[in-house]
Amino acid sequence: MEKREIVGRFAPTPSGRMHLGNAFSAVMAWLAVRSAGGRMILRIEDLDRQRCKPEYICRLIEDLHWLGLDWDGGYGPDIPPSRWQQSRRSEIYETYFEKLKEKQPVYPCFCSRGQLHAAEAPHASDGTPLYSGECRRLTDRQRRLKMREKEPAWRVAVPDEGIFFEDRNCGRVGENLKEECGDFILRRADGVYAYQLAVTVDDALMGVTQVVRGCDLLHSAPRQIWLQRQWGFPQPEYAHLPLLCQPDGRRLSKREKDLDLGALRQKGVGPGQILGLIGFWAGFLEKPQPISARELVPLFSWEKLQHSPHAAGSREEWKIIVKEQELPF
């Protein structure tokens, strides 16, 4: 059997300046591809136009270049944005939305955010409310009446099926779609296609064979694998990374300006220092020391990352703690 070429991707959301956690994921994705002689592409995931700004895209690209990262295809100033920018790909998503409706029950949902959070259903594994299926039980007449009042979101009714896969970093993981995921949204009420649909379609059409990202998205993988099977897409290899957290366990956040690259650069921190810290956290270096992205390539190892001394909690949690005394700036 012929071995597939490894094609990885950066898929940043331009909703603010990159912080150290974003940089950690980007560097690991890049190292995983470059160490295997593969190809890297850049995709801009700007589905939420209210939060995503054009100036943030420019800063993202600037920060990636500053870190010494490059890519072989994808978003660029001379490339049609419809190829690599999600906000410009709605017609493509519409095609696959309609294809899914031919195979699976897809239905309108009129529930407000407040109604969803007030439901007594248990929470899904990623922290979101498990949808009760209320709108799935509406009659055709009830749906027509509600559509006169408001635009609905659209959900897919998931089967009682377990989706399991072998994660390159976390081992065997998965979930039962009906019990742990629930009917998930494919298109929002404002017409914007949801993350799960857009990412699944884009990874397939862009030839992505390896998805390296933070473990906050670990529980998105079963939904995406299920969608891949509905459309006949090949399944990429997944590797979900430790999250960088503050000493109190709080995730780094763009909203709170935690250790963003702009602030660090203003303090005079160089890319070699950032990369040395990332290499140390990942377990590739014995201590933080300035290093270039290219110099990290031969040091990359999934085995070292799995046994990083800075991983806290269980194998499923994979947290790396950002301690002030470890920041050599």
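Helix α11 is followed by Gly 283, whose phi is positive, near 95°. The model is predicted: local features need pLDDT of at least 70, side-chain atom pairs count only at pLDDT 80 or more, and totals for chains, interfaces and linings use all residues. Residues are numbered from 1 along each chain as its sequence is written, and side-chain values use heavy atoms, with hydrogens and water left out.

The protein has 13 helices and 13 strands. These are DSSP runs, numbered from the N terminus (helices H or I, at least four residues; strands E, at least two). Of the 329 residues, 53% are buried. Buried means under 20% relative accessible area, exposed over 50%, and partly exposed in between (1.4 Å probe, protein chains only). Contact means heavy atoms within 4.5 Å. Among contacts between residues at least 6 apart in sequence, 75% join residues at least 24 apart.

Helix α11 spans residues 271-282. Its twelve residues reach 16 Å from first C-alpha to last, close to the 16 Å expected at 1.5 Å a residue. The expected span is 1.5 Å times one less than the number of residues. Ten of the twelve residues are buried, so α11 is largely enclosed by the rest of the structure. Among them are Gly 272, Gly 276 and Gly 279, together with Phe 280 and Trp 281.

Helix α4 (residues 90-103) has 14 residues and reaches 20 Å, close to the 20 Å expected. Tyr 93, Tyr 96, Phe 97 and Leu 100 are buried in α4. Seen down the helix axis, the buried residues of α4 fall within an arc of 110°, so they line one face. The arc is that of the directions from the helix axis to the C-beta atoms. The face turned away from this buried side carries the exposed residues Glu 91 and Glu 102. Cover for the buried residues of α4 includes β4 (106-109), β5 (153-156), β8 (184-187), α8 and α9 (221-231).

The axes of α4 and α8 (residues 195-205) come within 10 Å and cross at roughly 100°. Axes are lines fitted to C-alpha atoms, for helices over the stretch in contact, and angles run from 0 to 180 degrees between N-to-C directions. The two helices are therefore roughly perpendicular. Angles of 65 to 115 degrees count as roughly perpendicular, under 35 as roughly parallel, over 145 as roughly antiparallel and the rest as oblique. Ile 92, Tyr 93, Tyr 96 and Phe 97 in α4 meet Leu 197, Ala 198, Val 201, Asp 202 and Leu 205 in α8. By class, this contact has eight nonpolar, no polar and one charged residues. Ala, Val, Leu, Ile, Met, Phe, Trp, Tyr, Cys and Pro count as nonpolar, Asp, Glu, Lys and Arg as charged, and the others, Gly among them, as polar.
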